[in-house]
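Subject: Structure handover

Hello,

I am passing on the structure we spoke about.

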Amino acid sequence: MGWQRICRLDELPVQGSRVIERSAHSGGNVAVFRTASDRVLALLDRCPHKGGPLSQGIVYGESVACPLHNWSIDLNTGCALAPDEGCTQRFATRIDSGTVYIDLDAGARAPADPRPVEQVGADD
Amino acid sequence: MERMKLVMVGNGMAGVRTLEELLKLAPDLYDITVFGAEPYANYNRILLSPVLAGEQTIDDIMLNGVEWYAQNGITLHLGKTITRIDRIRRRVETADGMTADYDRLLLATGSNPVIIPLPGHKLPGVITYRDIHDTHALIDATAQFQNAVVIGGGLLGLEAANGLKLRGMNVTVVHLADWLMERQLDRTAGNLLQRSLEARGLAFRIKAQTRELLAAPSEQGGRVCAVRLVNSDGVEEILPADLVVMAVGIRPNTALAEAAGLQCSPNRPGGIMVDDTLQTFDPRIYAIGECVSHRGLVYGLVAPLFDMAKVCANHLALHGIGRYQGSVTATKLKVTGIDMFSAGDFSGGDECEEIVLSDPFGGIYKKLVIKDDKLIGGVLYGDTVDGSWYFKLLRSGRKIGDLRDRLMFGEANLGDTGHQGQSRALTMADADEVCGCNGVCKGAIVKAIKEKGLFTLEEVRKQTKASSSCGSCTGLVEQLLMATAGGDYSAAPKKKAICGCTEQTHQEARDAIRNNHLLTIPDTMHALHWRTPDGCATCRPALNYYLLSTWPHEARDDPQSRFINERAHANIQKDGTFSVIPRMWGGETNSSELRRIADVVDKYQIRTVKVTGGQRIDLLGVKKQDLPAVWKDLDMPSGHAYAKALRTVKTCVGSDWCRFGTQDSTQMGKDLERALWRMYAPHKVKLAVSGCPRNCAESGIKDVGVIGVESGWEIYVAGNGGIKTEVAQFLVRVKTSAEVLEYAGAFLQLYREEGWYLERTVHYVGRVGLDYVKKIIVEDADARRALHERLQFALDGEPDPWHEPQRAGVDQRQFAPLVAETVQA
C-alpha cells in the first residue's frame, strides 16, 4: 500500500490524536498523534500494558499517558517509559505541504531511528 | 565542547545519591571522578548493624557495585584518601601524590567517630564502629575474645552491643547520661529499652563515667584487658574487657575542608558550612551529607541527606531550582525484635500537652507531644506500627483537633480497605497482598527494596506500583521500607512537588496563579520555571483546574489538558468504549425519560444498563462515535458522572411520601442539584439529602450531607464513602432551604478555591481544619455570602457539554475516525 493520505495537519488536534479504524483482523486501530511542536507520530492504538486506547490519553512532550492505568508511552519508539516495560507497534508518518501521510504496511516497520522519516512543510 | 570536571571526595551514601540524581538530570554535563578512602564501592552504612548481628552480609548491603560506576562513565579510585585541596589551581591531591583537576568539587567526607582521649584509648582492641573495616574487626574479635565493653548507650552503641551479644560475647554498656538514647527517648522509654536489652543478656552501667582503659601485660600482647569506671553510686569499678567499642558519637569530618580554608561551623559539632543550595563559601565547591553544617545543624540520618542530594544535584546540573530548608528527623532502633521510634521534640515543655499511653508490664509506651493543636513530637516503644503516620502528621503540620480523641490509637483505627484490614506489615506473610489495587504482595515489595536499593516511598511506588493508586496501603509500605531499608528510611519529602516537571507544590502553583493573574497553562509554566516544555499528564490537568477555578470566565479551558473522560464527556471503560449517565435531578425520573433511555439502549445496542450508587442510570458500552447521537436522543442533561465536578445529589423520598419524613428532601435535593450542576471541583463532589435522621440517602458519607430534622436542616461536610470510609462532620443547623443552598454553596466554593487538585473534601478539611471552615462559613456571614456569590458567578452561563458542545469547547473531531486513502505516488 505504501504512503496513504489521512488528513490535513490542522484536522489533528494539537496535543491530541485521532484514530484510523481498522478491523482486528487487519491489526486493529491506529492512533495518529500531533504534539505541541507539530510533530505527527502514529502507534497501534493498544497500550502494551492492558490494551488501553492510547489515542484517548493525554499527549505531553513526545509521550502519551494511557487513559486506563497511566502508563507513559514514548511516541517515537512505541515503548513504555521506565520503569514500565513493553512496546506497541509504530507506523511511519510524514507531512507534505500540510497533508499527513501514513504507511500502514505491517511489513514496512517504522525505522529504528526514533526521528521522523521526513518532515517537510509542517508549516500550517 | 569539553565537558566540565566534577570531582567527588568521599564515596558514601549521600555523595553517591547526589551523583545518581545528577545523572538523571544532566547525564552528559560532567566527567566525574570519585575518590573513596574505603576499599569498597557504595554500600548502605545503615545496615552495618544487621551485618554485625549476622543477619545480613556485606553483599546484601551493597548499593552500587564498581560496575555501576563503569556503566555511568565515572572514574572511581578506591582506597585513596584526598589530603589536600588546591583551590587556586582547582586540584585535589591524594596521600600518594595522585592529582585530579576540577571545575566543581563535591565534598562528601562524612563523619568520624569521636574518640575520647582516655588513658589507653590507643591500645589494641579499642575500636570504633563506623565502617565495613570496623565491622570486620568487631566480628573477628568476637571469634577470639569473651568480654566486651561498649562505651556509649546511643543508637550506634546499642546496635553494636546487640550485635556482639548475638555473636556470643559478654557485653556491658557504659553510658554517661541518665538513661539510654537520651537524645531519642524520654526517661520512661529509655528505661523500658534498658529492661528489654537486659532481658537479652546485656549489662549496663548507667550514669557511669569511664576513667581509663587498662592494658594487659606486654607479654600477653599488650591488648586492652579492662575498663576502669566510676558508677552511678560514685564507686570505682573495673570491668574485664578484651574489646572496647567507642560509640560516643560522630563528628563531621572537616579536616580537609578546614585545611583548604573553607568556612566551617565554629560551634560543636562543627561541619562545613553550606547554604540552602549546599554550596560552600567557595562557589565551585559543594558539600553534602554528614560533613556539612546547614543552618547550624548537622544531620546523620539518611532521609535528610537524600533531601540534600536532590537539591545539590539540581544545582550541579545548572538547573538552579530548589532549596534545602532543613528536615525533621525520625529514628528507629535497628535491633531485631525491639520496636522503638521517636521523632521531633518529644521532651515537651511548658506550652506543650502530652498524651501518654503506658503499659510497662506489656512493654508498651507511647507519648505524643502536642503544641498549638499540632503534633510536634513523639516516642513509641513496643508498638511502632503508627510511627510513619505520626511522622507524617508531624511533618505536615496538620491540625489534629479532629483526630485528637483517636490519635493515640493510630491510623489503623481509622479503617482502610483493600488489604484484609491488615495493619502490621511485619506480621504479614510474603504472599499477603499489600496493595489491593495493583495486586502487589509483601514479598515483591521487600524484594524490590532490597534488590534495587530503594529508600523512599516514591521509589517503591515507581518500581512496584504498590501504594501508587488509591494510597490506602501507604502505611504498610512505609512500614516495609522502615523494616527493610533500615531504620531511618526517607519518607515523602516535606514539601511535595506537583510532579517531576516542577519544584512547585500545589499550593505554590495556586498562589502564583492568583497573585500574578496567570491565565494560561503555558504562561503559568513559564512563570514558574517548568522543566518540561508542555508538562505531563499529572500537572496539566491540575493547572487547568487552578486557572479555571481562580479566574472563571477569564481563563479558557484547555480540553487537551483534561483526562479523556472530561474531554469526551463520558467515562472510558476497560475495552475503550464509554459509559453514559444522564442527569436525573435528585434521582427522580419519569416515564418519558425512561422511554427515551429504553429507545437509546435499543437503537445503539447498549449492552449493559445499570443503576448506580448515586441513584442514576448508567448505559455501558457506548462506542465513542455514537456519543453525540446518544446525548441528542436522550435529550437529558449531562450527568457529569465522568468529571471532577458535582456528580449527584442523592435523596430519599422525604415528607412527600414517607411516614417518618420531616422535610421535603427530594425537593431540597433537586434544588441543590440545579444550583450546583456544571460545577467543576478539585475532585468529584457528591451530595445527599435525607428527610429525617434515619438518613436513608446516606448523608453521613458525602462531601455535603443534609439531614432534615423537625426544626430545619443539619448540614454535614467532608464525608467519604471511598477507600477510607470517613464520616462527615457536623457543620451547622439551619432553618430554611435557602440557607441550605447558601451554606452548601459557600462551603463548596471554599473547597473549589482552596482545595488542591485531586484532593477530596475530607482531605481538604483535614488539612485546613474544620474550625477554619466553620469560622468562614458559619461565623462570618459576609464571607459566606461572598463565597456563594462567587460560586454563582462562576456557574453563570456554564454550558451543558452534551447539548452545547460548541460553547463547552468539545472538540467534535474526536468523534469521527480518520480514513486512510491510497494516493498516486
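This is a predicted model: local features need pLDDT of at least 70, side-chain atom pairs count only at pLDDT 80 or more; totals for chains, interfaces and linings use all residues.

Contact between the chains

On the chain B side, 25 residues are in contact with 31 residues of chain A. Two elements of chain B, α12 (457-464) and β39, each give two or more residues to the side that touches chain A. Sorted by class, that side of chain B holds eleven nonpolar, seven polar and seven charged residues.

Strand pairing also crosses from one chain to the other. Strand β39 (residues 821-822) of chain B runs antiparallel to β1(A), and two bridges join them. Within this pairing, Arg5(A) has Glu821(B) as its bridge partner. Strand β1 (residues 3-8) of chain A is also joined to strand β9 (residues 99-103) of chain A, again antiparallel, by five bridges. There, Cys7(A) is placed opposite Val100(A) of β9(A).

As background, the strands of a sheet pair through backbone hydrogen bonds, in either a parallel or an antiparallel sense.

One open sheet has four strands in the order β30-β31-β33-β32 (chain B), and its pairing is antiparallel. Its edges are β30 (571-572) and β32 (608-611) of chain B, each of which pairs on one side only. Four bridges link β32(B) to strand β33 (residues 617-622) of chain B in the antiparallel sense. In this pair, Val609(B) sits opposite Leu619(B) of β33(B).

Another open sheet has five strands, ordered β34-β35-β36-β37-β38 (chain B), with mixed pairing. Here the edge strands, pairing on one side only, are β34 (646-651) and β38 (729-734) of chain B. From one strand to the next, the twist averages 15°. Helix α20 (residues 665-676) of chain B packs on this sheet and touches β34, β35 (685-690) and β36 (704-709) of chain B. The direction of α20 makes about 170° with that of β34(B). Elsewhere in the sheet, strand β37 (residues 712-717) of chain B is antiparallel to β38(B), with five bridges between them. Trp713(B) stands opposite Val734(B) in β38(B).

Two helices of chain B

Helix α16 (residues 539-550) of chain B has twelve residues, which should span 16 Å at 1.5 Å a residue; its end C-alpha atoms are 16 Å apart, in agreement. Is this helix enclosed or open? Ten of the twelve residues of α16(B) are buried, so the helix is largely enclosed by the rest of the structure. Among the buried residues are Cys539(B), Pro541(B), Tyr545(B), Tyr546(B) and Ser549(B). What the buried residues of α16(B) pack against comes from both chains: β5 (58-60) of chain A, and α14 (506-515), α15 (521-527) and α21 of chain B.

Helix α21 (residues 737-754) of chain B, one of those partners, has 18 residues. From its first C-alpha to its last, α21 reaches 26 Å, close to the 26 Å expected at 1.5 Å a residue. Buried residues in α21(B) include Val740(B), Glu742(B), Tyr743(B), Phe747(B), Leu748(B) and Arg752(B).

Regards

Methods:
Residues are numbered from 1 along each chain as its sequence is written. Chains are lettered from A and ligands numbered from 1 in the order in which they are written. Two strands pair if DSSP finds at least two bridges between them. The expected span of a helix is 1.5 Å times one less than its number of residues. A residue is buried if 20 or more other C-beta atoms lie within 10 Å of its own, exposed if 12 or fewer, and partly exposed in between; C-beta atoms are placed from the backbone. Two residues are in contact if their C-beta atoms, placed from the backbone, lie within 7 Å. Ala, Val, Leu, Ile, Met, Phe, Trp, Tyr, Cys and Pro count as nonpolar, Asp, Glu, Lys and Arg as charged, and the others, Gly among them, as polar. Axes are lines fitted to C-alpha atoms, for helices over the stretch in contact, and angles run from 0 to 180 degrees between N-to-C directions.
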